[in-house]
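Me: Could you walk me through this structure with a few questions? I'm new to this, so please keep it friendly.

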Amino acid sequence: MLHGIWMPGVSMAWLGARLSAAGFEPEVFAYAGASGGPQATIPRLIDSLRRAPGHVLAHSLGGLITLSALSDHPDLPVRRVVCLGSPLLGSAAAHGLASHAWSAPALGRAADLLKTGCPPWQGEAQIGLIAGSSPHGLGRYFGRFDGDSDGTVAVSETRLPGLAAHAVIPASHSGLLFSALAARMAEAFFRRGRFGD
């Protein structure tokens, strides 16, 4: 389980408890989102995934880092990934933050990945994405969203070509971490490769 850019590993605890109750054995992969960035995080994630094969649940930047690792190393033993509110096509909010001298440092070494996103997915792992449509978040003050958003990431920014499944639920960006619906959908995708029954 990977958290987002400014969140600690414990932010994944609620979802981890739900997955544990469903029979999974969740393990949080904590990393320094802004100060470490993808360059420091991806090699550690690759080592972790080689030691403990399984599925991945990733929030926000965590999804971009996961897909980057899997793209670089397609042999990694990861069958399915669920991204929560990850701006896989790049983030307007990140562009907005980067455009101001006073806010650009907040993105740190994750700026480039957040601004550019990921190429269309062509890997072996099945990728599912759950986006939020409750526009309550600080990102709305830095980026202009066309259509629905979770307040930080626009739904349109999550629709990466090559996804195995995509769904939109009524949750904010942070709210995705505490959504019972998102937890059930992640469980379903890990078991069956789809969000529904």
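What follows is a short chat about a predicted model.

Me: Let's begin with one residue. Is Ser48 buried or exposed?
Reply: Ser48 sits in helix α2, which covers residues 37-51. Its relative accessible area is 13%. The cut-off for buried is under 20%, so Ser48 counts as buried.

Me: Which residues does Ser48 touch, leaving aside its neighbours within four places in sequence?
Reply: Here's one hint: Phe29 is 19 residues away from Ser48 along the chain, yet their C-alpha atoms are separated by 8.2 Å. Contact is judged on heavy atoms, with a limit of within 4.5 Å. By that test, the partners of Ser48 are Glu27 and Phe29.

Me: On to helix α1. Which elements do the buried residues of α1 pack against?
Reply: Helix α1 takes in residues 13-21, and Leu15, Gly16 and Leu19 are buried there. They span an arc of only 100° around the axis, so they lie on the same side of α1. The elements that these buried residues pack against are β1 (54-59), β2 (78-84) and α6 (180-192).

Me: What is the phi of the Gly that follows α1, roughly?
Reply: The residue to look for is Gly23, which comes after α1. Its phi is positive, and the value is near 105°.

Me: Now for the strands. How many residues of β3 are buried?
Reply: Strand β3 runs over residues 126-132 and is mostly covered. Out of its seven residues, the number buried is six.

Me: Which residue of β3 stands opposite Val81?
Reply: β2 and β3 run parallel, and five bridges join them. Look across from Val81 into β3 and you find Ile127.

Me: And which residue of β4 stands opposite Ala131?
Reply: β3 is also joined to strand β4 (residues 165-169) by five bridges, and these two run parallel. Across from Ala131, the residue in β4 is Val168.

Technical notes:
Residues are numbered from 1 along each chain as its sequence is written. This is a predicted model: local features need pLDDT of at least 70, side-chain atom pairs count only at pLDDT 80 or more; totals for chains, interfaces and linings use all residues. Side-chain values use heavy atoms; hydrogens and water are left out. Helices (H or I, at least four residues) and strands (E, at least two) are DSSP runs, numbered from the N terminus. Buried means under 20% relative accessible area, exposed over 50%, partly exposed in between (1.4 Å probe, protein chains only). The arc is that of the directions from the helix axis to the C-beta atoms. Two strands pair if DSSP finds at least two bridges between them.
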